[in-house]
Amino acid sequence: MSDIKIQQGISSTDPDERLQFISQQGIRYVYAIMSDDDANYDGIMKLKDRLSRYNLILSDLSNTKIYKNPSIHLGFSDRDEHIDRYNMLTRAIAKAGIGINYMTWEPNQVLSSRFTVGTHTRGAKGRIVDINELKTLPFSHRKQFTEEETWDNFKYFLDRALPVCEEVGVKIALHPCDPPVPSLLGIYNLIHCSDDYRRAFELVSDNEFLGMKMCIGCWLEGGPAFGDLLSDIQEFVSNGKVLIVHFRNVSATHPFFEETLIEDGYMNMYEVMKTLVECSYDGYLTVDHVPTFTESYGGKDAAFAYANGYAKALLNAAEYELGR
């Protein structure tokens with residue numbers, strides 16, 4: 001068998017019934033988005049204790065307001081205060097025995113056009129993105145933030161966050177910008193192609209504490225403009241940079257795409273899974289977004305259960321084919 005660890009995302013405020021439901025799917029690992037009240041050592045340990053009742057292991061975590069923070073990303077005057085909060089959470093993560101914190105350079109969060117039934121969603125409500133529509137929206141923070149400003153702000157953050165990561169042994173998993181285009185709403189998107197990852201790693205002399213969340217969905221949204229997906233998997237896995245894989249399919253490359261079931265997008269996701277196994281990837285893999293099924297028959301939880309089962313089947317088939 002390979003060492004790929006399939007995981008499910010949770011919130012620290014999820015009820016025990018949901019944790020039990022995840023465990024019943026044969027999932028062992030979860031990542032957590034911590035509520036503002038729980039984004040501390042005591043909150044993490046309380047969650048770990050709850051998870052242990054269902055044989056679940058907390059693999060990585062963060063808090064959205066801390067790692068998708070406009071003050072950090074856009075270089076506002078109070079950014080040091082927010083970087084200190086980021087570092088405090090890193091220390092709490094380490095003290096709790098967990099090894100990964102997050103960063104996504106998205107002061108406006110993940111941008112979407114709408115969540116509705118699409119052409120490729122089999123009647124389920126899913127995320128739909130129309131780049132041409134998003135380009136008509138006004139600046140979100142009063143001005144255009146340039147490529148140079150954005151990379152300077154990123155370096156400023158890394159100079160203050162990475163030493164703490166090195167001190168306590170916690171890695172940063174850097175997620176690409178979604179959707180992956182150079183700029184939207186006046187914000188330059190730091191990571192919108194695989195060369196941006198190479199630039200980020202070179203910026204800190206390939207520091208082992210800066211890694212990536214390799215979002216297959218973002219690679220597919222960008223298509224060739226983002227990079228060569230299978231080749232990039234081989235490169236970044238072999239270089240030890242992939243900490244987490246987000247496993248998701250889409251209907252087409254931008255400027256217009258819908259998020260789909262794993263089997264319904266334009267990419268053969270078995271080839272993606274097989275490449276991960278061939279490269280001996282040994283990190284975490286999660287289905288990060290799903291269309292929402294009929295609420296009275298399970299809704300989002302049923303959709304994740306379906307996707308988790310599909311991903312596990314692809315992994316088992318790849319392991320069998322490759323003799324792992």
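How do the residues of the lining of the largest cavity divide into nonpolar, polar and charged? The legends below start with the answer.

**View 1. The largest cavity has a lining of six nonpolar, three polar and two charged residues.** By class, Ala, Val, Leu, Ile, Met, Phe, Trp, Tyr, Cys and Pro count as nonpolar, Asp, Glu, Lys and Arg as charged, and the others, Gly among them, as polar. This is a predicted model, in which local features need pLDDT of at least 70 and side-chain atom pairs count only at pLDDT 80 or more, while totals for chains, interfaces and linings use all residues. Residues are numbered from 1 along each chain as its sequence is written, and side-chain values use heavy atoms, with hydrogens and water left out. To find this cavity on your screen, look for residues of its lining, including Glu106, Asn108, Cys177, Asp178 and Ile187. The space inside is about 90 Å³. On a 1 Å grid over the protein atoms alone, a cavity is a set of points where a 1.4 Å probe fits but cannot get out, and lining residues have an atom within 4 Å of a point. Grid points are joined across faces, edges and corners, and a volume is the space filled by probe spheres set on the points.

**View 2. The second largest cavity holds about 60 Å³ of space.** The whole structure has two cavities of 30 Å³ or more. Of the 14 residues that line the second largest cavity, Thr260, Leu261, Ile262, Val290 and Ala307 lie nearest its centre. Helix α12 gives the largest share of this lining, three residues. Helices (H or I, at least four residues) and strands (E, at least two) are DSSP runs, numbered from the N terminus.

**View 3. The largest pocket has a volume of about 680 Å³.** A pocket is an open set of points with protein on both sides within 12 Å along at least five of seven lines. Here 31 residues form the lining, and Tyr31, Val110, Asp288, His289 and Phe304 are the ones nearest the centre. Among the elements that give two or more residues to this lining are β1 (5-11), β2 (29-33) and α12. Sorted by class, the lining has eight nonpolar, 11 polar and 12 charged residues.

**View 4. Phe201 and Phe236 form an edge-to-face aromatic pair.** Their ring centres lie 6.3 Å apart, with 70° between the planes. Rings of Phe, Tyr and Trp (its six-membered ring) pair if their centres lie within 6.5 Å; planes under 30 degrees apart count as stacked, over 60 as edge-to-face and the rest as tilted. Phe201 belongs to helix α8 (residues 194-203) and Phe236 to helix α10 (residues 229-238), so the pair links parts of the chain 35 residues apart. Phe201 is buried, with a relative accessible area of 4%, and Phe236 is buried too, at 2%. Buried means under 20% relative accessible area, exposed over 50%, and partly exposed in between (1.4 Å probe, protein chains only).

**View 5. Tyr306 and Tyr310 form a tilted pair.** Why tilted? The ring centres are 6.2 Å apart and the planes meet at 40°, so the pair is tilted. Both residues sit in helix α12 (residues 299-321), four residues apart, about one helical turn. Tyr306 is partly exposed at 36%, and Tyr310 is partly exposed at 29%.

**View 6. Lysines sit over the rings of Tyr41 and Tyr31.** Lys95 lies 4.3 Å from the ring centre of Tyr41. For Lys213 and Tyr31, the distance is 5.9 Å. A charge sits over a ring if NZ of Lys or CZ of Arg is within 6 Å of the ring centre and within 35 degrees of the ring normal.
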